[in-house]
Amino acid sequence: MGGKAPFTVRFWGVRGSIACSGPRTARYGGNTSSLEVRCGDRLLLFDAGTGIRYLGKTLTGSRIDGDIYFTHTHFDHVCGLPFFGPLFQPQNKFRLWAGHLSGAMTIKRVLAEFMMSPLFPVPPEVFRSTLEYRDFKAGETLAAGNNVTVRTAPLNHPDGATGYRVEFDGRAICYITDTEHVPGSLDRNVLGLIKDADIVVYDCMYTDEEYRRYVGWGHSTWQEGVRLCKEAGVKRLAVFHHDPDHDDEMLDGIAREVQKVMPGSVVAHEGLVLEA
Ligand SMILES: [Zn+2]
Ligand SMILES: [Zn+2]
C-alpha cells in the first residue's frame, strides 16, 4: 500500500563550458551537462553534453520512449548527442524539445547545422530511432504523459535558455542552467519556477567573488542559488555547471559552505542520484 513512486535525478555530466578530464577533476567529474530524470516508468533526459554518452551505455537493449529537453544549444549542451547510443537503435523513440529558439531557427535546424561536414562527418539522418522535433516557447507548460508535467521559464543567457520544472506525484525537480543573475535582485522567472520545489539544480559556475570578473558571461553563483532557493522555499539545492577550473578540492570547499547555509544541499558529481 502507498509509498511514493520513484522520482529521481541522476547526474551524468556536471561540468560547464567544456569537458575536462584528469586527476584534478576526477571525483566530481569532467563531463558536460547531462541529467536523467525518472518519474516512475517515464524517462526524461535534460541536455546532451558529453555525459550523455555514458548514460546511453546503460540503456542499450531496452525499448525507449523518451524525451530529451535542451536548456539551450550551446555546444557543451549538445555535443554528446551524436554519441548517444540509443539514437542508433530503431526500436527507440525520442522527442527533442527546445524553447529558446525563435524565428526560422528550430531545434531540428540547429542540430543539422552542428552535425555538418566539415565540422562533423555525418548528419542527423544517421540516427535510426524515430525522432520528433518539438519547438516551444519558454514559459509554456508541456504535458509529458503518465502524470508528469513539465513547466518552463526563460532564463537570462546569451542566445536564450530554458529553465525546467518537472512535477510528478506531488513533488518537483527543477533544472535551472545556464542563467545569469542580477546582483541584489532575485530573478522572478526563476523564483516562480522553483517555488516550493524538492530539488533545484542550479547554474553555480562561479563564486560571488569570481562573478565580478564575468559579468555578462551568462552564468550565476552558488551563493545566488542559495538566496533563490531560500526565498522560494526549496528543500535542496544541487550546485551544478561547475567551472572547468574548479578542481575537486575547491568543490569540496563549496560543498562544506553550502551545507552550512542550506543543510541537505549538495555539490553535484557524476553518478550522484537524488530522490525527490
Ligand atoms: Zn553551459
Ligand atoms: Zn550556455
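**Close-up views of the predicted model**

**View 1. Strands β3 and β4 in a parallel pairing.** Strand β3, spanning residues 42-46, pairs in the parallel sense with strand β4, spanning residues 65-70, and three bridges join the two. The model shown in this and the following views is a predicted one. Within the pair, Leu45 has Ile68 of β4 standing opposite. Strands of a sheet pair through backbone hydrogen bonds, in either the parallel or the antiparallel sense.

**View 2. A cis peptide bond between Thr177 and Asp178.** The bond from Thr177 to Asp178 is likewise modelled as cis, with omega near -10°, and Asp178 is placed in the loop between β10 (171-176) and α4. Most residues other than glycine have a negative phi, and most peptide bonds are trans.

View 3. Asp47, which lies in the loop between β3 and α1 (52-59), has a positive phi of about 65° although it is not a glycine. Asp47 counts as buried because 29 C-beta neighbours lie inside 10 Å, where the cut-off for a buried residue is 20 or more. Asn147, placed in the loop between β7 (141-143) and β8 (148-155), has a phi near 65°, again a positive value in a residue other than glycine. With 14 C-beta neighbours inside 10 Å, however, Asn147 counts as partly exposed.

**View 4. Helix α6 and the elements that cover its buried residues.** In helix α6, which runs over residues 222-232, the buried residues are Trp222, Glu224, Gly225, Val226, Leu228 and Cys229. Their cover includes the helices α4 (188-194) and α7 (248-261), together with the strands β11 (199-203) and β12 (236-240). Just after α6, Gly233 takes a positive phi of about 70°.

**View 5. The whole chain, as a setting for the close-ups.** The protein has seven helices and 14 strands. Its radius of gyration is 18 Å, close to the 19 Å that the globule rule gives for 276 residues, so the protein is as compact as a globular protein of that length. Along its principal axes, the C-alpha trace spans about 55 × 50 × 40 Å. Of the 276 residues, 45% count as buried. Among contacts in the protein with a separation of 6 or more, 66% are accounted for by residues 24 or more positions apart.

Terms used. Residues numbered from 1 in each chain as written. Chains lettered and ligands numbered in written order. Predicted model: local features only at pLDDT ≥ 70, side-chain atom pairs only at ≥ 80, totals over all residues. Pairing = 2+ DSSP bridges. Helix = DSSP H or I, 4+ residues; strand = E, 2+ residues; numbered from the N terminus. Buried ≥ 20, exposed ≤ 12 C-beta atoms within 10 Å, placed from the backbone. Contact = placed C-beta atoms within 7 Å. Rg over C-alpha atoms; globule rule 2.2 N^0.38 Å.
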